[in-house]
Amino acid sequence: MKAKYSLVLGGVIVLAAIFRLLFLFELRVSPDFAAPRFDAGYHDYWARGLATGDWTPPAYRPDPRIQASPYFRPPGYPYFLAGLYRIFHGNLLWVRAAQMAMGVLNCLLAYFFGAGLFGRRPGLVYSVLMSIYWSFINFEGEFLEPVLLVFLGLVFFLLVLRWLEKRSPFILFAAGLVTGIYALTSPNVLLFIPVAVLWIAFVRARDDTWRIAFRNAGVYVLGAVVAIGPATIRNAVVARDTVLISSNAGINLYIGNNETADGFSASAPEVGEWSCFEFPGIVNRLERE
């Protein structure tokens with residue numbers, strides 16, 4: 001029976017790989033394959049600067065001053081992308097292929113997570129859905145963070161499942177590290193940390209004292225702090241600004257909630273149409289006003 005499930009899982013992984021290969025070949029003729037736009041273009045520029053040391057901005061774009069400013073967008077994904085650029089020497093086809101390989105790995109992780117919670121059959125169903133879900137496949141071909149977020153989320157929950165079995169503080173610390181890296185990629189996960197702390201303390205208190213329970217929760221928080229801390233320190237040292245991770249929350253909130261917001265374009269009365277490259281100029285103009 002175990003061999004049967006392994007065979008089916010192998011077929012699911014092959015299915016996931018086939019869908020992604022077909023999409024990758026289709027992407028090669030896309031107009032933005034070699035020239036990513038919007039946030040993907042900003043990530044591409046940032047990652048290339050990290051990988052090569054060349055911070056020359058793209059044509060017709062102002063210098064976003066990434067090296068001298070607080071992180072505007074979360075740094076987790078651009079650093080991940082920079083690592084892929086170093087490995088594959090900036091080859092966009094191979095970089096996208098690597099992201100799609102991570103998507104296939106996510107299908108495997110989904111099986112282990114589903115099987116750990118509900119059994120092998122639900123795990124296989126979860127893996128199948130992951131393998132053919134179009135949004136995942138689409139974003140694996142973009143220079144955006146979803147593929148990394150899905151991977152980090154699955155790793156986190158697998159660590160939680162392991163901790164429920166072993167109750168090891170080292171596993172909790174690793175879960176905290178993964179949460180911190182997730183926050184470096186999508187800072188809104190910081191809202192989840194207090195919930196996780198209370199849950200860890202509650203689960204641990206069923207077997208030990210509340211003092212030991214909150215000590216375990218503290219180990220989890222320490223892992224998150226170790227991951228997030230370098231970004232905060234970098235923002236303070238390089239830009240002399242107290243920015244925990246990234247500084248884009250304010251302008252994003254305003255763009256989505258001003259009186260002219262239309263729900264899909266990056267514009268506002270005071271700043272007009274803009275991209276991430278124009279943000280330092282917007283800040284300077286508003287400071288002068």
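1. Two cavities of 30 Å³ or more are present in this predicted model. A cavity is a set of points, on a 1 Å grid over the protein atoms alone, where a 1.4 Å probe fits but cannot get out. Volume here is the space filled by probe spheres set on the points, with grid points joined across faces, edges and corners. Residues are numbered from 1 along each chain as its sequence is written. As the model is predicted, local features need pLDDT of at least 70, side-chain atom pairs count only at pLDDT 80 or more, and totals for chains, interfaces and linings use all residues.

2. The largest cavity holds about 60 Å³ of space. Its lining (residues with an atom within 4 Å of a point) includes Arg20, Met130, Phe136 and Glu140. Helices α4 (92-118), α6 (134-140) and α7 each give at least two residues to this lining. Helices are DSSP runs of H or I, at least four residues long, numbered from the N terminus.

3. The second largest cavity has a volume of about 50 Å³. Among its lining residues are Leu27, Asp32, Arg96 and Glu142. By class, that lining has five nonpolar, two polar and three charged residues. Ala, Val, Leu, Ile, Met, Phe, Trp, Tyr, Cys and Pro count as nonpolar; Asp, Glu, Lys and Arg count as charged; the others, Gly among them, count as polar.

4. Now the largest pocket: about 390 Å³ in volume. A pocket is an open set of points with protein on both sides within 12 Å along at least five of seven lines. It is lined by 14 residues, and Asp39, Asn252, Ser265, Ala266 and Trp274 lie nearest its centre. Helix α11 gives the largest share of the lining, three residues.

5. Look next at α7 (residues 146-166) and α8 (residues 169-185). Their axes come within 9 Å and cross at roughly 160 degrees. Axes are lines fitted to C-alpha atoms, for helices over the stretch in contact, and angles run from 0 to 180 degrees between N-to-C directions. The two helices are therefore roughly antiparallel, a label for angles over 145 degrees.

6. The axes of α2 and α3 (residues 76-88) come within 8 Å and cross at roughly 55 degrees. These helices are therefore oblique to each other; oblique is what remains after under 35 (roughly parallel), over 145 and 65 to 115 degrees (roughly perpendicular). Contact (heavy atoms within 4.5 Å) involves residues including His43 and Trp46 of α2 and Tyr77 and Leu81 of α3.

Conventions
Side-chain values use heavy atoms; hydrogens and water are left out.
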